Amino acid sequence: MSVELAPEFQRTPDGTVFRDLNGNGIMDPYENPALPVSERVEDLLGRLSLEEKAGLMFHTMISAAESGKLGDETPRAGRAGLQQVVADKFVNHLNFHFVPEPKLAARWVNELQRLAMSSSPHGIPVTLSTDPRHSFIENWGASFTADYFSAWPEPLGLAAVRDEQLVREFAAIARAEYTAIGIRAALHPTIDLATEPRWARQYSTFGQDNDLVARLALAYLDGFKDQPLGADSVACMAKHFPGGGPQQDGEDPHFPYGREQVYPGDMFEHHLEPFKRVIAAGVTAIMPYYGMPVGLELDGEPVEEVGFGFNRQIITGLLREKLGYDGVVCTDWSLVTESRLHGRQLPPRAWGVEHLTEKERVLKVIEAGCDQFGGEECPELVVELVREGQLTEERIDVSVRRLLKVKFELGLFDNPYVDEDAAEERTGLPEYVAAGQLAQARSVTVLKNISGSGAAVLPLAAGVRVYSDEVSPEALADAGLLQVTEPAEADVAIVRIAAPFEFRDHYMLESSFHAGSLEFDAETVEKVRQLAALVPVVLVPHLDRPAVLTPLEPHCAAIAAVYGASDTAVLQALTGTVPPEGRLPFQLPRSEAAVVASRPDVPGDTKDALYECGHGLEL
């Protein structure tokens, strides 16, 4: 008895079932899963039109419809609709922003794959990617909160534990949750070094130690099964080459005022070490940063002062030729065109080449040695450059070959769909949530633990009376602690506080980037001082970047830093239910003046630090 096949499947005369991607009823070589990937790539490459090839070179942003129905998406300001991007422009690498509940997300992804494969002459499936979405910080330019996934500390917190197996476990769980809803590419890990204390992107790094960063990065790739890629892998994109930490004045190159990247300590090579290690491991993709090197020399030659994605000396000369990398290089987002979101605009991050036209920027990026344009959807410019003779189709083939190889290795051509009914069962599992919460508690870093009488305040014993405006009553009760409403009635006060920053909101995304001074305002210091006069204070600062704790430290009986932790996880650590194991992943400076005087490319360069990298007490 024969089984009826879905329309996209065919059966060969010998009974082999295959996915008929181009609908010709014949199993062409690229449709044959038994053939080596290299043969499948070459067969398909020879069939593609220039327009299809160009579409592969773009990796734009998209949000799913809240309803889970394709076509219900919120219109994107200044951007084409999803139908036009996928079906008309043949763009099939999409960066997932808003994700609805898992079953609806899976349904939307399957409908998207059907659209892509039915619209493309050769049935090319979509590769869905995402920025990190397993922790607490919501920043549409860099990361998302966990929502339906398990919640873990930010990478800084994983670094604080310094346990490669923990990173491997996190990545394996993240991979399981990603693949449950069809996400097959991770726009991470971030393997920059946190050497400029004011830089806003530190929370997504593994800290300042280049050897620790490299070791944890390799564990991260292991957990995502980045090499070798397979049907259950998530392909990783390590960033931001050649290391995005040494930002002048700590400003971020998402914005015009932060475009300069500087090396006054002559430590350019130091920042390369994590990239060398992941390149040796065969990482699937690498993303250069926006930054524009100023005053940098390589091999005795001055480096062109243009953003790294436009920089042939960096991408071809260093990354491709000197370091031997032959994988995908995808630019950071929006180097070519302007961006808009939530009523804010952001100019293209074309640092050093602002004077070039959009088409000229595209040409310079490709000539630099990049394969793909992050955050862009203008493949027509690539087509025009080839038609005008400014680019050869052979050069385009070099990049398309790399991009197709990844799609084939991930098994997307053989089965791009996900099980909609199982999506909810495969995300946010109790054991995943528990593992994330355990990691949060382990990452807590005890910096100080001595009261005015000389006795240790931590761990907090059961029945201790706690005053706190920030910690939930439910979490206190669950931890066996008693909540009181007045400081004078308490045995201890717990103060949860965010690291300071200067709020800015002129450019798109700017309000999400915590930048500027690391000093707390006088009002915050006075509040802690007054509370400490009534009761011993346990300060719990959330360090998305270093903070100058100096004026607060004398008033605190204990200080326990966190990097993304729930109230429950914090209390598990403070009571010793889960022993806190954290060690600072970066130096905590004594003053803002010391930060200003430090060199952005040198790790731990502030003088007379309050706490050094690696500091952490046991309970």
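Leaving aside its neighbours within four places in sequence, which residues is Val495 in contact with? They are Glu470, Leu531, Val537, Val538, Leu539 and Val540, where contact means heavy atoms within 4.5 Å. Before going on, please note that this is a predicted model, in which local features need pLDDT of at least 70 and side-chain atom pairs count only at pLDDT 80 or more, while totals for chains, interfaces and linings use all residues. Residues are numbered from 1 along each chain as its sequence is written, and side-chain values use heavy atoms, with hydrogens and water left out.

**Around Val495**

Val495 belongs to strand E20, residues 492–498; helices (H or I, at least four residues) and strands (E, at least two) are DSSP runs numbered from the N terminus. With a relative accessible area of 9%, Val495 is buried (buried means under 20% relative accessible area, with a 1.4 Å probe and protein chains only). Its C-alpha atom is separated by 6.2 Å from that of Ser468, 27 residues apart along the chain.

**The eight-stranded sheet**

Let us turn to the sheet. Eight strands form an open sheet with parallel pairing, in the order E13-E9-E7-E6-E5-E4-E3-E16; two strands pair if DSSP finds at least two bridges between them. Strands E13 (328–329) and E16 (373–374) stand at the edges with a single partner strand each, so one side of each has no neighbour in the sheet. E13 is joined to strand E9 (residues 285–288) by two bridges, and these strands run parallel. Val329 in E13 is the bridge partner of Ile286.

Helix H4 (residues 102–119) lies across strands E3 (58–62), E4 (93–96) and E5 (127–130), running at about 165° to E4. Axes here are lines fitted to C-alpha atoms, for helices over the stretch in contact, and angles run from 0 to 180 degrees between N-to-C directions.

**Helix H9**

Helix H9 spans residues 312–322, and its buried residues include Ile314, Ile315, Leu318 and Leu319. Just after H9 comes Gly324, with a positive phi of about 75°.

**Cysteines**

The structure holds zero disulfides, a disulfide being a pair of cysteine sulfur atoms within 2.5 Å.

Technical notes: Buried < 20%, exposed > 50% of the residue type's maximum accessible area, 1.4 Å probe, protein only.
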